[in-house]
Amino acid sequence: MIETVKHLIGSGGRSGFGSRSTAEHVTAKSDLRSLTAIITGATSGIGAETARVLAKRGARLVIPARSLKTAEETKSRILSEFPDAEIIVMHLDLSSLASVRRFVDDFESLHLPLNILINNAGKYAHKHAISEDGVEMTFATNYLGHFLLTKLLLKNLIETAALTGVQGRIVNVTSVVYSWFSGDMLQYLADISRNNRSYDATRAYALSKLANVLHTIELSRILHKMDANVTANCVHPGIVRTRLTRDREGLITDLVFFLTSKLLKSVPQAAATTCYVATSPRLRNVCGKYFSDCNEARTSKLGSCSVKAQRLWTASELLVSPASCTPQLYQTCKYSLTNDVICKSQAL
């Protein structure tokens, strides 16, 4: 109840910021002119505002997108406001592991440093679908593509931090909806990656967002073990009506948003926590944490389980590895890998 009241009145937490702070507000003292940031999902909603504000503060932006046309339009809008901004548009389909690998190869060919990686893109799929890699589409887009993207870019992030002395930042955008998931994560993933009988759009979305939280936990442990000058944190941006709900438009959705309108954030407010965690000097060496309303917050018991995080990481490594599969057997192999991990996890 107290947290709800604080949210409604926008009172600041320990950071000095709160639910009513905007992305521009939290970055007002930031000078990002020497930094390079990759932001997924930057063509609309929270991601677009995040990109706009980081460009305003001087960061070089790399905007990956499935639609180059849409990304170019986003670039044009930012340049119309900040003509000196440096923005690079590149193709990326996060639901395709092959596309993720091509994007990283193309980015590395530019020989650019990388200071900030914001895994922001999100999908809420009302209809059941399977990716080309044999994985349920929401999980593939929201989590698995970002897992591989982060894995492949980690070397650049670590090297850039070592060369410049500027701590690298990885920000995973999740959602409080992650706490709605219960049950066996890997078993449910295997079920919905085979057929749609067990598919529930909200549960699948919650699974992918829980995976974002657990990814952050295990990634932070690995970064610490490597003694890397890079941090990884996750953020809940808040409740905001964006294109994420475009598959759910209708009377029920409109009614829900009307009833919760007092809790809704504007897009600039929703982008604030991401921008704060990506740029604030106050968060130097803060790693493996969950943020909401620009302040560190508690996670659920499942969302803080290091054992679950390690199991998910093991499964993810298998799922993104070709593992000597031929193209014809690739999809079948993915299911076998998932089931193999389930068996291993249950044996632990």
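I looked up cysteine 275 and found it buried, at a relative accessible area of 0%; buried means under 20% relative accessible area, exposed over 50%, and partly exposed in between, with a 1.4 Å probe and protein chains only. The model is predicted, so I kept in mind that local features need pLDDT of at least 70, that side-chain atom pairs count only at pLDDT 80 or more, and that totals for chains, interfaces and linings use all residues. Residues are numbered from 1 along each chain as its sequence is written, and side-chain values use heavy atoms, with hydrogens and water left out.

I then checked cysteine 294, which is in no disulfide; its nearest cysteine sulfur, that of cysteine 275, is 8.8 Å away. The rule for a disulfide is a pair of cysteine sulfur atoms within 2.5 Å. Cysteine 294 is buried as well, with a relative accessible area of 0%. I noted a count of 0 disulfides by this rule. Cysteine 275 is likewise in no disulfide, the sulfur of cysteine 294 being the nearest at 8.8 Å.

**Strand β5**

Next I went through strand β5, residues 168-173. Helices (H or I, at least four residues) and strands (E, at least two) are DSSP runs, numbered from the N terminus. I found 6 of the 6 residues of β5 buried, so the strand is largely enclosed by the rest of the structure. Both faces are covered: Gly168, Ile170 and Asn172 are buried on one side, and Arg169, Val171 and Val173 on the other.

I looked up the neighbours of β5 by strand pairing, which requires that DSSP finds at least two bridges between two strands. Strand β4 (residues 116-119) runs parallel to β5 and is joined to it by 4 bridges.

**Aromatic rings**

I counted 8 aromatic pairs. Rings of Phe, Tyr and Trp (its six-membered ring) pair if their centres lie within 6.5 Å; planes under 30 degrees apart are stacked, over 60 edge-to-face, and the rest tilted. Phenylalanine 103 and phenylalanine 107 are a stacked pair, 6.4 Å centre to centre with 15 degrees between the planes. Both lie in helix α5 (residues 97-109), 4 residues apart, about one turn of the helix. Phenylalanine 103 and phenylalanine 107 are both buried.

Phenylalanine 147 and tryptophan 313 form an edge-to-face pair, at 4.9 Å centre to centre and 80 degrees between the planes. Phenylalanine 147 is in α6 and tryptophan 313 in helix α12 (residues 306-320), so this pair ties together parts 166 residues apart in sequence. Both residues are buried. Ring pairs link Phe139, Tyr143, Phe147 and Trp313 into a cluster.

**Threonine 174**

My last entry is threonine 174, in the loop between β5 and α7 (185-194). Threonine 174 counts as buried, at 3% relative accessibility. Not counting residues up to four places away in sequence, I listed its contacts (heavy atoms within 4.5 Å). They are Lys209, Asn212, Val213, Cys234, Val235, His236, Pro237 and Tyr290.
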